Amino acid sequence: MFSYDFIQCAVMILAIFVIGEIVSAKTKAFVPSVFVAAVLFLLGFWSGVIPKDIIDVSGFSALGILAMLVIVVHMGSMLSPGELLANWKTVLISLGSLCGLIGALMLIGARLLDWNTVIVAIPPLSGGMTAAIIMQNGAADLGLEMLSVLAIVVYVIQGFVGYPLTTIMLKREAKRLMKDYRKEDQTAGPEKNQETSGEKKTAKRLIPPVPEKYRSIYLSLLVVFLSVWVSARLEMLTGKVVSRYVFCLVLGVVFTQIGLLEKNCLNETQGYGVFVTTAMAMVFAGLSSATPEMFKVITGPLIIILLIGVSGLFLMAVAIGRAMKYSWEMSFAISLNALYGFPPNMIITNEAINSVTEDPDIKEYLGAHIMPKMLIGGFTSVTVTSTLLAGIFINLLR
């Protein structure tokens, strides 16, 4: 077993991320960076080259949750109320596809596997670490040791299925949207750009901009952190029924519109990259709990659960998406958020967009059409629904 200090751990984490990005760039995002990083972390943990507490020792875990919340506020600052409200269809697709996952596993999976195996697997498969821990503890309390392991392994391994599938879907969707962009660009002509810039100039704010001489990194961070703090208080007021992540997104939108936050708020702090790196490091911390022995015991049930669950996601997502006039690629990508959630969905979306074009205007157009759907889909399935499912399904164990 190797021993590293916090600097060495941080360097190793960043080196893994760089390798992931290189592979993603070389394959034009066909192999997403998060998939490569997950494989490297898993192999490193198993071989002992990477210490299981690398995220803690590096110091990333201390700010991990805060970094995720800050990034969500930033994402909210990039949206408008109209975009947020317009994505009610995304919420329906996300919830409907989860119903497909649950229905497929309970109707088909329960015939191939025993009841408790299916019940333990469903909440973690909807994406949430909290849900996985609830089902793990519930199974352990009933003496179901193998199923206790299954709950964690389902949570850990599902991203290996979700990452590449989502990348394929988003690249197809991005290419489809690029055709629409070119048609709109040819139809609208130069007047379109003049109108857009005119709209930006006439946008009104309830709170006037802070004078340039008082604007600083500290002030920008203060407002962002205050947004996170208010979100946490609102979560407590709702009895944690509504997650602070959801409030962060909404407040990011609202505070930007009234002028309390600047658009793309983290850009002024010059800390966006640090927050994203910290948040992503936290995602891979969960892989340290998986061992080769776990996979040997539950490989068969795991494969069946993933095949049936993803099939259920796909069928319902496409059916509902068609009714909502979404492409089947976008609908399926939204549903796949259940397998990983935020922040991997943000990283994969950016990589997919960057792989199909280098034009900044087209990138902005694609991001405006795809990113809100992916973020809202992730928060609906993973952040909100999975924990609720765990609270219900733990009582169905026999």
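Phe17, Phe41, Phe45 and Phe284 are linked by ring pairs into a cluster. The model is predicted. Ten aromatic pairs occur in the structure. A pair of aromatic rings is described by the distance of the centres and the angle of the planes. A charged group also meets a ring: the charged end of Lys373 sits over Tyr326, 5.4 Å from the ring centre.

The largest nonpolar core comprises 119 residues. Phe41, Ile54, Phe284, Leu287, Met346 and Leu366 have the most contacts inside this core. Helix α9, spanning residues 145-188, supplies the largest share of the core, 16 residues. Phe41 belongs to the ring cluster and is in touch with Ile13, Ile16, Phe17, Ile50, Ile54, Phe284 and Leu287, when residues up to four places away in sequence are not counted.

Helix α15 covers residues 292-323, 32 residues in total. From first C-alpha to last, α15 reaches 43 Å. This is close to the 46 Å expected at 1.5 Å a residue. After the helix comes Lys325, with a positive phi near 65 degrees.

Ala317 lies in helix α15. Its relative accessibility is 0%, so Ala317 counts as buried. Beyond neighbours within four places in sequence, Ala317 contacts Ile93, Ser97, Ser331, Phe332 and Ser335. Ala25 is 292 residues from Ala317 in sequence, and their C-alpha atoms are 29 Å apart in space.

How values were computed: Residues are numbered from 1 along each chain as its sequence is written. This is a predicted model: local features need pLDDT of at least 70, side-chain atom pairs count only at pLDDT 80 or more; totals for chains, interfaces and linings use all residues. Side-chain values use heavy atoms; hydrogens and water are left out. Rings of Phe, Tyr and Trp (its six-membered ring) pair if their centres lie within 6.5 Å; planes under 30 degrees apart count as stacked, over 60 as edge-to-face and the rest as tilted. A charge sits over a ring if NZ of Lys or CZ of Arg is within 6 Å of the ring centre and within 35 degrees of the ring normal. A nonpolar core is a set of buried Ala, Val, Leu, Ile, Met, Phe, Trp, Tyr and Cys residues joined through side-chain atoms within 4.5 Å. Buried means under 20% relative accessible area, exposed over 50%, partly exposed in between (1.4 Å probe, protein chains only). Helices (H or I, at least four residues) and strands (E, at least two) are DSSP runs, numbered from the N terminus. Contact means heavy atoms within 4.5 Å. The expected span of a helix is 1.5 Å times one less than its number of residues.
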